Amino acid sequence: MIEWVSFSTSARPVPKPVATPLVWAAASGGALLLVALLNALVGQNQPSVALVVLSLLAALLGLRARFTAAPGTAVLCWLFLNGFAIPPSGTLTWAGHRDGFWLTCLFTAVLLGTTLARILYARAAYRRVTAGTDAAATEPGGAPRRC
């Protein structure tokens, strides 16, 4: 059965964040593909390039994620960075300052992406709500109406 729905220009709801397991699946798949692509194009001895690219991926994933997905997203990106972007490939290591810095960068990127998305959504929702009240509160000349 087909249900006809008319399009309207009324207020649109704020988009809901994507489910956390879906964000983590995208982080795993995206990090794997990006690290494999970087290893093929740049080589395995460029972890700083891989860190920048994975931080951008983490920030992009953060745009559609909840805040609760941030730690898992950062850890998944770090696992692929540590396991496959630095030699020896396939071996997880822990070098205190380096890996702590990498995790901090990835976690910060996810949080910045999520925070930016929430601010933009809140700003758009505020503009939609105040657009209707501003039009009613001003006279046609643009001056505020005095009661």
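This briefing describes the fold, the surface and selected residues of one protein chain.

The structure is a predicted model, in which local features need pLDDT of at least 70 and side-chain atom pairs count only at pLDDT 80 or more, while totals for chains, interfaces and linings use all residues. Residues are numbered from 1 along each chain as its sequence is written, and side-chain values use heavy atoms, with hydrogens and water left out. The chain has four helices and zero strands, where helices (H or I, at least four residues) and strands (E, at least two) are DSSP runs numbered from the N terminus.

**Overall architecture**

- From the N terminus on, the order of the elements is α-α-α-α.
- The chain has 147 residues, of which 26% count as buried; buried means under 20% relative accessible area, exposed means over 50%, and partly exposed lies in between, with a 1.4 Å probe and protein chains only.
- Contact means heavy atoms within 4.5 Å. Among contacts between residues at least 6 apart in sequence, 72% join residues at least 24 apart.
- The accessible surface of the chain is about 9700 Å², and carbon and sulfur atoms account for 71% of that surface. Such areas come from the Shrake-Rupley method with a 1.4 Å probe, and for residues only the protein chains shown count as cover.

**Helix α1**

- Thr20 lies in helix α1, which covers residues 20–41. Thr20 counts as buried because its relative accessibility is 14%.
- Apart from neighbours within four places in sequence, Thr20 is in contact with Arg66, Thr68 and Ala69.
- Ala26 also belongs to helix α1, and its relative accessible area of 35% makes this residue partly exposed.
- The contacts of Ala26, leaving aside neighbours within four places in sequence, are Ala31 and Leu61.
- Ala26 and Thr73 are 47 residues apart in sequence, and their C-alpha atoms are 9.0 Å apart in space.

- Pro47 is located in helix α2 and is partly exposed, with a relative accessible area of 24%.
- Pro47 touches Leu81, Ile86 and Trp102, when residues up to four places away in sequence are not counted.
- Between Pro47 and Val35 there are twelve residues of sequence separation and 9.7 Å in space, C-alpha to C-alpha.
- Val49 is placed in helix α2, residues 47–62, and counts as partly exposed at 32% relative accessibility.
- Val49 forms a nonpolar surface patch with Leu37, Leu41 and Val42, and together these residues have about 360 Å² of accessible area. Patches are made of residues with over 30% relative accessible area and no salt bridge; like charges are joined within 9 Å, and nonpolar side chains (Val, Leu, Ile, Met, Phe, Trp, Tyr) within 5 Å.

**Helix α3**

- Helix α3 has 15 residues (70–84), which at 1.5 Å a residue should span 21 Å, and its end C-alpha atoms are 21 Å apart, in agreement with that value. The expected span of a helix is 1.5 Å times one less than its number of residues.
- The buried residues of α3 are Ala70, Gly72, Thr73, Ala74, Cys77, Trp78, Phe80, Leu81, Asn82 and Gly83.

**Aromatic pairs**

- The whole structure contains two aromatic pairs. Rings of Phe, Tyr and Trp (its six-membered ring) pair if their centres lie within 6.5 Å; planes under 30 degrees apart count as stacked, over 60 as edge-to-face and the rest as tilted.
- Trp78 and Trp94 form an edge-to-face pair, with 5.7 Å from centre to centre and 65 degrees between the planes.
- This pair links distant parts of the chain, 16 residues apart: Trp78 is in helix α3, and Trp94 is in the loop between α3 and α4 (96–137).
- Trp78 is buried, with a relative accessible area of 11%, whereas Trp94 is exposed, with a relative accessible area of 53%.

**The loop between α3 and α4**

- Pro88 is found in the loop between α3 and α4. The peptide bond from Pro87 to Pro88 is cis, with omega near -5 degrees.

**Salt bridge**

- The count comes to one salt bridge, defined as a side-chain nitrogen of Lys or Arg within 4 Å of a carboxyl oxygen of Asp or Glu.
- Arg98 forms a salt bridge with Asp99, and the closest N and O atoms are 3.3 Å apart.
- Arg98 is partly exposed, with a relative accessible area of 31%, whereas Asp99 counts as buried at 0% relative accessibility.
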